[in-house]
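Here is a quick tour of a model, written for someone who likes to check strand order and contacts by eye. Have the viewer open while you read.

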Amino acid sequence: MGENDANITFFKDGLRLDDRRADELRPLKIEVGVLARADGSCYIEMGGNKVIAAVYGPREVHPRHLQEVTRAIVRYRYNMASFSVEERKRPGPDRRSYELSKVSREALEPVILTSYFPRSVIDVFVEVLQADAGTRTAGINAASVALADAGIPMKNMISSCAAGKVDGQLVLDPMKEEDNYGEADMPIAMTPDGQITLLQMDGHMTPEELKTALAMAMGGCRQVYEVQRKALIDKYNQMEPEIITDQEQPQEAEVL
Amino acid sequence: MSSVLSEIRKDYLYNMILKGTRADGRYFDQYREISIERGVIAKAEGSARVKLGSSQVLVGIKMQPGEPFPDSPNRGVIITNAELVPLASPTFEPGPPNETGIELARVVDRGVRESKAVDLEALCITPGKQVWIIFIDVHILDDCGNLIDASSLGAIAALLSTKVPASKFGLGEDHPLPIRDLPIATTAIEFGDVVMFDPDSDEESIANSRLTVITTADGSICGLQKSGTGVLNPEKIHHIVDIAGENAKEIREKFLEV
Amino acid sequence: MDRKVVIPGDLLSEEAKRSGEGTFVKDGKVYSLLYGLANFKDKINVIPLAGKYVPSSGDSVIGIVKDVTFSNWIIDVNSPYDGLLHVSEYPRRVESDEMSKILRIGASIMTRVKDVDSTMKVELTLNDRKLGVLKTGRVIEISHTRVPRLIGKGGSMISMLKRELNCNIFVGQNGRIWINGSADDMDLALKTILLIEKEAHTSGLTDRVIDYLKQEKRARS
C-alpha cells in the first residue's frame with residue numbers, strides 16, 4: 001500500500017472518486033465463449049479492467065512426468081500485456097505474476113472435479129489487456145466462467161472481489177487510486193454459499209475492520225456471481241432446447 | 001503441499017486429531033520450541049538464525065547505497081528473496097525460485113513492508129539520486145514445516161540486529177537500523193475441520209488450507225495469505241485471526257525485545 | 001418445467017435418488033456439475049454444452065493411428081486419452097514388423113472401446129465384422145456433445161439422413177463421423193451434419209433438416 005503523497009480527497013458528500021458509494025461494485029460486463037480455439041473462454045470488464053480468460057483441457061500433460069495418475073492437474077497462468085499498465089511492462093512472468101497465478105489456481109481448484117480426468121491437465125490462461133486495480137479478482141471471475149464454458153465439471157462457481165480501506169473507511173472493489181494510496185487491500189474469492197477459496201490482505205486493519213471488510217467483500221462476490229450466472233444462462237436463453245439423450249442407463253453420480 | 005505421505009501415516013495423524021492431540025503431543029494452537037540467534041554472519045550487516053521445532057532458517061541482511069525507484073525518489077528500497085536450497089529438503093530442486101519460494105519471499109516482505117517496521121524515508125541519502133537498499137535474503141536450511149513463520153521471524157530478528165554500514169561508503173558513522181514495529185507471522189492449517197497452528201511437515205502435507213496472519217505490535221493485522229486448495233468459512237477465519245493475535249503477542253514478548 | 005439451462009452448483013432437487021449424469025449429491029440434495037441443459041425426468045441428467053470426449057467401455061469411435069510400438073498401435077480418439085489397439089485385437093495374426101504396413105500412421109479406423117480402467121488406460125478392438133479400416137469416404141468431426149442429437153431418439157434422425165442422402169453414415173461417439181457415397185451426396189451430407197451440429201439445441205430441427213434436404217435436392221436436379 002502506498003502513501004497518500006498526492007493528497008487525494010477520497011470522499012466527497014459520501015461518494016468516492018468515481019461517484020460510487022462505499023459498498024458499490026464497479027460496472028461489470030461478462031461475455032462468454034469469445035475465443036474459437038480455446039475449449040472455453042470469457043471476456044470481462046470490471047471497472048477499467050479488461051481481462052480475457054481461456055481454458056484448454058482436459059488435455060494431455062506435457063512434460064509427461066508432471067501427470068498425476070488419479071486426477072487432472074490444474075495450471076493457471078496470469079499474465080499482463082505490456083501495454084496494459086501506465087508504464088510499459090516487460091513481457092513475461094515476474095515474481096508477482098507467479099504468486100498471483102498460484103493463489104488464483106488455489107482459488108479455483110477446490111471446486112473442480114479433477115478426479116474425473118486422471119493423467120491430464122486443465123490449463124487456465126488469463127491475460128490482462130488493461131489494468132485498473134483488482135486484476136486478480138477479474139481474472140478469477142473470468143476463469144470461473146471460462147471453465148464452465150469448457151464443460152469442466154465443478155461443484156460450484158467461484159466469484160472474486162476485493163475490499164479496501166481508504167481514509168479509514170472500508171470500501172468495496174477499490175479502483176486504481178484507492179488501491180495505490182489506500183491503507184489496505186483485501187482480495188477474496190468464494191463459492192456462492194460463502195466458502196472462501198482466496199484470501200489475502202496487505203495494509204493495516206484492526207481485527208474488527210478485518211471482519212467487516214471480509215463481510216463486505218463477500219457481499220461483493222455474491223453480486224459478481226449473479227452477473228456470471230446471467231451471462232452463462234443468457235447465452236442459451238433465446239433457444240428452446242430439444243436435446244435427445246440416447247443413453248438408457250445414466251450412471252449414478254458419486255455421493256460426495 | 002509437501003511430498004507424499006503414506007496412507008498409514010495419514011490415517012494415524014487423522015486419528016490423533018480426532019482424539020484432540022497432535023502427533024508430537026502439542027495443543028492445536030501451540031508452537032514448537034523457538035530459538036533465535038542474532039549476528040551469526042559477520043559479513044552481513046544483520047543476520048539471524050531461527051529454529052522452529054526442527055525447521056531451520058538463516059536470514060541475512062545486506063545494505064548498500066543505490067538508486068531509488070522512479071516513483072518513490074525519497075524512499076529506501078527493500079528487496080526480499082528466499083532460497084529453498086536442495087540441502088534443506090528432498091523435495092527442493094536446484095534452480096531459480098519456484099512459486100513456493102516466491103510466495104514465501106513475498107509474504108515475508110509483506111510483513112516488513114506493510115507494518116512499516118523500517119522507516120523508508122529515513123533511508124534516503126540524496127533525494128532522487130541515492131538511497132539505502134536493504135536486501136533481506138532468506139536461506140532455508142531445514143524444512144520441517146512452517147517455513148513462513150520461521151522466515152518472517154528470522155527477517156525481523158535480523159533487521160533488529162542490523163547496522164547501517166555508512167562508514168564503508170563514506171556516508172557517516174555506522175549506526176543501528178531503526179526499527180519501528182515488530183511484525184510477526186503466525187500460520188495455521190485446517191484439516192478435518194480442525195485448525196492447528198505451526199504445522200510440521202507431515203501436518204502441512206495433509207492440510208486442506210493454510211492461512212498466515214501477520215500482526216503488528218499493537219495487535220493490528222498487516223497481512224493475510226491463504227494458500228492450499230481447501231476452503232475456509234468466515235467463522236474459521238475469525239477464529240484463526242483471533243488466536244493468531246495471541247500467539248504473535250507471546251512470540252513477540254519472548255523473543256524480540258524492543 | 002422439464003428442461004432448463006443450469007450452471008455448476010445449481011440446486012436441482014431435494015431428492016438424492018434423482019441424481020443422474022452431470023450431477024452430484026451433497027447433504028441429500030442434487031446439484032449440477034456442469035454448464036448445460038438439465039433434463040428433469042425420474043432421474044435428472046445435465047447434458048453439457050461443451051466438453052471433451054472421455055472414452056467409455058462399449059463406445060464405437062473413429063480413431064486415427066498416431067504411433068506404432070512393438071505390440072500396440074496408439075490411436076487418437078479425439079480425447080485427452082489415447083486408445084491402445086493391441087496387436088491381438090486385430091482380426092488376423094500380425095507380426096511385429098508388419099504392424100506399420102497393416103495400419104500406418106494417419107490411417108482411420110472404425111473401432112470399439114473394449115475396456116477403460118481407473119487410470120484411463122483405453123483398450124480398443126477391431127475384432128468385429130462391423131469394424132475395420134476406413135479406406136474410402138470422408139471423416140468429419142463435430143462436438144461429441146451433439147452426437148445424441150445427430151442420432152436422434154431411437155436413431156430416427158440418423159436413419160432419415162442415411163435414407164435421404166443415400167449415403168453410408170457411421171457416427172462415432174467421439175464426434176467423428178464417416179460418410180460414404182457419391183461425391184455430391186457426400187457434400188450434401190457434410191453440410192447437413194454441420195447444420196445439425198450448429199442448431200442442435202433448437203426446436204423443430206428435424207422438420208428444418210427435412211426441408212433443407214428437399215430444397216438442396218431440388219436445386220441439384
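What follows is a walk through a sheet, the helices on it, a set of paired strands and a chain contact, all in a predicted model.

Let's start with the open sheet of eight strands, whose pairing is antiparallel. Its order reads E7(A)-E6(A)-E8(A)-E9(A)-E12(B)-E11(B)-E9(B)-E10(B). At the edges stand strand E7 (169-172) of chain A and strand E10 (194-197) of chain B; each has a single partner strand, so one side of each is left without a neighbour in the sheet. On average, and ignoring direction, neighbouring strands here are turned by 20 degrees against each other.

Where do the two chains join up? Strand E9 (residues 196-205) of chain A pairs with strand E12 (residues 221-227) of chain B in the antiparallel sense, over four bridges.

**Around E3 of chain A**

Is E3(A) mostly covered or mostly open? It is mostly covered, with nine of its 12 residues buried.

| Partner of E3(A) | Bridges | One residue pair |
|---|---|---|
| Strand E5 (residues 120-130) of chain A | nine bridges | Val51(A) with Val128(A) |

E2(A) and E3(A) also form a hairpin, with two residues between them. In that turn, Gly47(A) has a positive phi of about 60 degrees.

**Chain A meets chain C**

The contact takes 41 residues from chain A and 37 residues from chain C. On the side of chain A that touches chain C, strand E3 (49-60), H2 and helix H4 (207-235) of chain A each supply at least two residues. The residues of that side divide into 22 nonpolar, seven polar and 12 charged.

As for chain C itself, its domain assignment gives domain 1 (3-48), domain 2 (60-134) and domain 3 (138-220). The C-alpha centres of domain 1 and domain 3 of chain C lie 30 Å apart.

Conventions:
Residues numbered from 1 in each chain as written. Chains lettered and ligands numbered in written order. Predicted model: local features only at pLDDT ≥ 70, side-chain atom pairs only at ≥ 80, totals over all residues. Pairing = 2+ DSSP bridges. Axes fitted to C-alpha atoms, helices over the stretch in contact; angles between N-to-C directions. Domains from an automatic or database assignment. Contact = placed C-beta atoms within 7 Å. Nonpolar A, V, L, I, M, F, W, Y, C, P; charged D, E, K, R; others polar. Buried ≥ 20, exposed ≤ 12 C-beta atoms within 10 Å, placed from the backbone.
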